[in-house]
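Reader: I would like to learn how to read a model of this kind with some care. Could you take me through its features one at a time?

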Amino acid sequence: MPVIASNGRDVSYDVAGPEGSPLVAFQPPGASGASIWRRVAAPFQADYRTVAINPAGYGETALLSASVPMTVRDEAQALAAVIHTERPDNRGVHVVGHSYGGTIALALACYWPDLVARLILLEPAPYPLLRAAGEAAFANEISRHNQRFIATVRDGGRDAVAMEQYLDYFNNHPGFWRALSPTAQNNMIALAERLAIGLDAVERLDLGFDDLASVAAPTTVIHGAETDPLHARLSALVANAIPQALLRALPGAGHMMTLTHGDDVVALIREDLGNGPPAKGSI
């Protein structure tokens, strides 16, 4: 696993596929490292170079100094550094991000637009846009869950409680946590503080609709046809704000689509990469 320097810290990532080929960069969702993308990335590695980035605290990617709150822009800067390393000419870079990773990918397209040839967002999570759009009920709902998670983790000794509340909510399924194996639960508990750091960064996101309107890369926003109303609405807001973006629904999927519908996600990404710029609208 390569490790590079970005903004004074180490950043690690998975890489595979022929050097010099068009690059597909995958940014994982919250509470996930680069490995979550391996099944999705593998089918592309005959024709593309693929990278999957470890966010702060995952793999060998370092956290920022505890005295400096991390921002989504910091995570996007790490993604930019990996792109510069693997594709120095910055040509033909396609960026795929899911949830928290979709927010990072969106920030990359806003702050470093020249790096992005195509943008594919799977239920991106720029939650502050909900309030900016006047969606007060949704904004209050997600902020309440995020703030409760952060506070519960930082109370100390309550990581399991925080994870149970959060995963049951995000999977729209009370009892989801209790159905996990003890090993899976322990693995998730170990990620609690890192997830809290990412959620705090999203809560302080400073992107607005004017920023999204400046995104020039052809963009597809994918939402699960069975996702919760909040993430469905947020996906529509993002797609409507980006010029010529396409909004697509993945049948049968919810928010955790990379885990539950990996083969379908591969098919949608392959279709998107094989086509020209998507037409405005939804399917």
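**Reading the model**

Author: Ala31 is buried, with a relative accessible area of 14%, where buried means under 20% relative accessible area, exposed over 50%, and partly exposed in between, with a 1.4 Å probe and protein chains only. This is a predicted model, in which local features need pLDDT of at least 70 and side-chain atom pairs count only at pLDDT 80 or more, while totals for chains, interfaces and linings use all residues. Residues are numbered from 1 along each chain as its sequence is written, and side-chain values use heavy atoms, with hydrogens and water left out.

Reader: Where does Ala31 lie, and what is its phi?

Author: Ala31 lies in the loop between strand E3 (23-27) and helix H1 (38-41); helices (H or I, at least four residues) and strands (E, at least two) are DSSP runs, numbered from the N terminus. Most residues other than glycine have a negative phi. The phi of Ala31, however, is near 60°, a positive value in a residue other than glycine. Ser99, in the loop between E5 and H3, likewise has a positive phi, near 55°, and Ser99 is buried with a relative accessible area of 7%.

Reader: How should I read the chain as a whole, and how many helices and strands does it have?

Author: The chain has 13 helices and 9 strands. Its radius of gyration is 18 Å, close to the 19 Å that the globule rule gives for 283 residues, so the chain is as compact as a globular protein of that length; the radius is taken over C-alpha atoms, and the rule is 2.2 Å times the number of residues to the power 0.38. Along the principal axes, the C-alpha atoms fill a box of roughly 50 × 40 × 35 Å. Of the 283 residues, 54% are buried.

Reader: What share of the contacts between residues at least 6 apart in sequence joins residues at least 24 apart?

Author: A contact means heavy atoms within 4.5 Å, and of the contacts between residues at least 6 apart in sequence, 75% join residues at least 24 apart.

Reader: How do I check the span of a helix, and what covers the buried residues of H9?

Author: The expected span is 1.5 Å times one less than the number of residues. The 12 residues of H9 (residues 192-203) should span 16 Å, and the end C-alpha atoms are 16 Å apart, which agrees. Among the buried residues of H9 are Leu195, Ile197, Leu199 and Val202, and their cover includes helix H2 (72-86), helix H3 (100-111) and helix H5 (136-155).

Reader: How many residues of H3 are buried?

Author: In H3, 11 of the 12 residues are buried, so this helix is largely enclosed by the rest of the structure; among them are Tyr100, Ile104, Leu108 and Cys110. H3 reaches 17 Å from its first C-alpha to its last, close to the 16 Å expected at 1.5 Å a residue.

Reader: Is His98 buried or exposed, and which residues does it touch?

Author: His98, found in strand E5 (residues 93-98), counts as buried at 0% relative accessibility. Not counting residues up to four places away in sequence, His98 touches Gln27, Pro28, Pro29, Trp37, Leu122, His255, Met256, Met257 and Thr258.

Reader: Which residues can I take as partly exposed cases?

Author: Asp211, in helix H10 (residues 209-213), is partly exposed with a relative accessible area of 30%, and it touches Cys110 and Asp206, not counting residues up to four places away in sequence. Ala249, in strand E8 (residues 246-250), counts as partly exposed at 29% relative accessibility. The C-alpha atoms of Ala249 and Ala225, 24 residues apart along the chain, are separated by 5.2 Å.
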